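Please open the model in a viewer and keep the selection panel at hand.

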Amino acid sequence: TGLGKLYENDFTIGTAVSGWTFSQNDTELLDLVKHEFNSITPENALKWSRVHPAENEWRFDIGDRFVEFGLENNMQIVGHVLVWHSQVPHTIFQDESGNAVSKNILLKRMENHISTLVDRYKGKINAWDVVNESVTPEDGWRKSPWFEIAGPEFMDKAFHLAHEADPDCHLLYNDYGMVNPKRRDFVVKMVKDFQKKGVPIHGIGMQGHFSLDSPDITEIEASIEAFASTGLRVHITELDVDVLPSRWSSSAEISNRADYSEELNPYTEGLPPKIDDKLTKRYEDLFKLFLKHRDKIDRVTFWGTTDAQSWKNNFPVRGRTNYPLLFDRERNPKNAYHAVAGLK
Ligand code: XIL
């Protein structure tokens, strides 16, 4: 039947699609996407550095094909992402001599970017991640160049500009680690502040890059409830479950130590059944939770479709064999898929 159809009365089920899928015209994968999902997000194609690599240069080819595919298949189309400190040309923060630009110039550049992009897909892209990752768990605002140059008002302005360009579009604040109580509280405070000031925001995106046993289901639930209590819709925007040992180390360090590399990449020959069982149980618990809160949740999007293309093979360490999604490297449904489908 397909997950999208199974869950159609609860929330949409989405997947991030890579630019490569469109440029290679991987019709087999696109058929799987059509069959299983009713929402799509472009994994990288609409990020600033891809779509707008230099001041007067726009590359819309992949974005256009992505949107066309969504329209042809009657899907919810999500735009990702308008304002972020990552995957953005560093030149937007600089003048010709390499010094930091003024707040005024930076906000003008942001205005040009948002207005052009949102306007191009007006009425087609249904929801945009307007601002991504601008909060840290430790001390509130992330000290990104956006924040350093323009102060937190860059966010207010970004939402207003997106809303002006497409008044019907659903606008989101998106971040990771949204289960951390400090970040949760800060985001709730920030959203209430937006609402007081009349900043047009409609949803909160919890990325959902989880691992096998963290965060705790009760903590995820606390965040869903806290975010929904603001009156905004909750979206799970980038769901995956990392099954590998986590260790924040540089790839250089790892390639120097064979034992270390084995420790960090233990399942190159396949996922042992015991771990696959844990993954299945984890997905089952997550979807039970999402179903329990279906009145608050609009969408659950996976960050990728099959294990083969997942960014988790390369993050936080390059060249690992990870198993974070519902479809295996041969594009077949895993036990976790059947568990999620079986809840309906
Ligand atoms: C990731 C992509 O999956 C990778 O292909 C890319 O190299 C880096 O970005 N949070 C986000 C996403 O909001 O845009 C990121 O996507 C994953 C983390």
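Two residues are in contact if their C-beta atoms, placed from the backbone, lie within 7 Å. This is a predicted model, in which local features need pLDDT of at least 70 and side-chain atom pairs count only at pLDDT 80 or more, while totals for chains, interfaces and linings use all residues. Residues are numbered from 1 along each chain as its sequence is written.

**Stop 1: K47 and V81**

Select K47, then display V81 and Q87, both of which K47 touches when residues up to four places away in sequence are left out. K47 belongs to the loop between β2 (39-42) and α4 (48-51); helices (H or I, at least four residues) and strands (E, at least two) are DSSP runs, numbered from the N terminus. K47 is buried because 20 other C-beta atoms lie within 10 Å. Here a residue is buried with 20 or more other C-beta atoms within 10 Å of its own, exposed with 12 or fewer, and partly exposed in between, C-beta atoms being placed from the backbone. From K47 to T27, 20 residues apart along the chain, the C-alpha separation is 23 Å.

Move on to V81, which is part of strand β3 (residues 76-83). The peptide bond joining H80 and V81 is cis, with omega about 5°. A cis peptide bond also joins F315 and P316, again with omega about 5°; P316 is in the loop between β11 (297-302) and α14.

**Stop 2: F66**

Select F66 in helix α5 (residues 61-72). It touches V17, F22, I40, P42 and A45, not counting residues up to four places away in sequence. F66 counts as buried because it has 26 C-beta neighbours inside 10 Å.

**Stop 3: two positive phi angles**

Most residues other than glycine have a negative phi. N25, not a glycine, has a positive phi of about 45°. It is in the loop between α2 (19-23) and α3 (27-36), and counts as exposed because it has 9 C-beta neighbours inside 10 Å. E133, also not a glycine, has a positive phi of about 55° and lies in the loop between β4 (127-132) and β5 (135-136).

**Stop 4: helices α6 and α8**

Show α6 (residues 103-120) and α8 (residues 153-165), whose axes come within 9 Å and cross at roughly 30°. Axes are lines fitted to C-alpha atoms, for helices over the stretch in contact, and angles run from 0 to 180 degrees between N-to-C directions. The angle therefore makes α6 roughly parallel to α8; angles under 35 degrees count as roughly parallel, over 145 as roughly antiparallel, 65 to 115 as roughly perpendicular and the rest as oblique. Where do the helices meet? L107, M110, E111, I114, S115, V118 and D119 in α6 meet F154, K157, A158, L161, A162 and A165 in α8.

**Stop 5**
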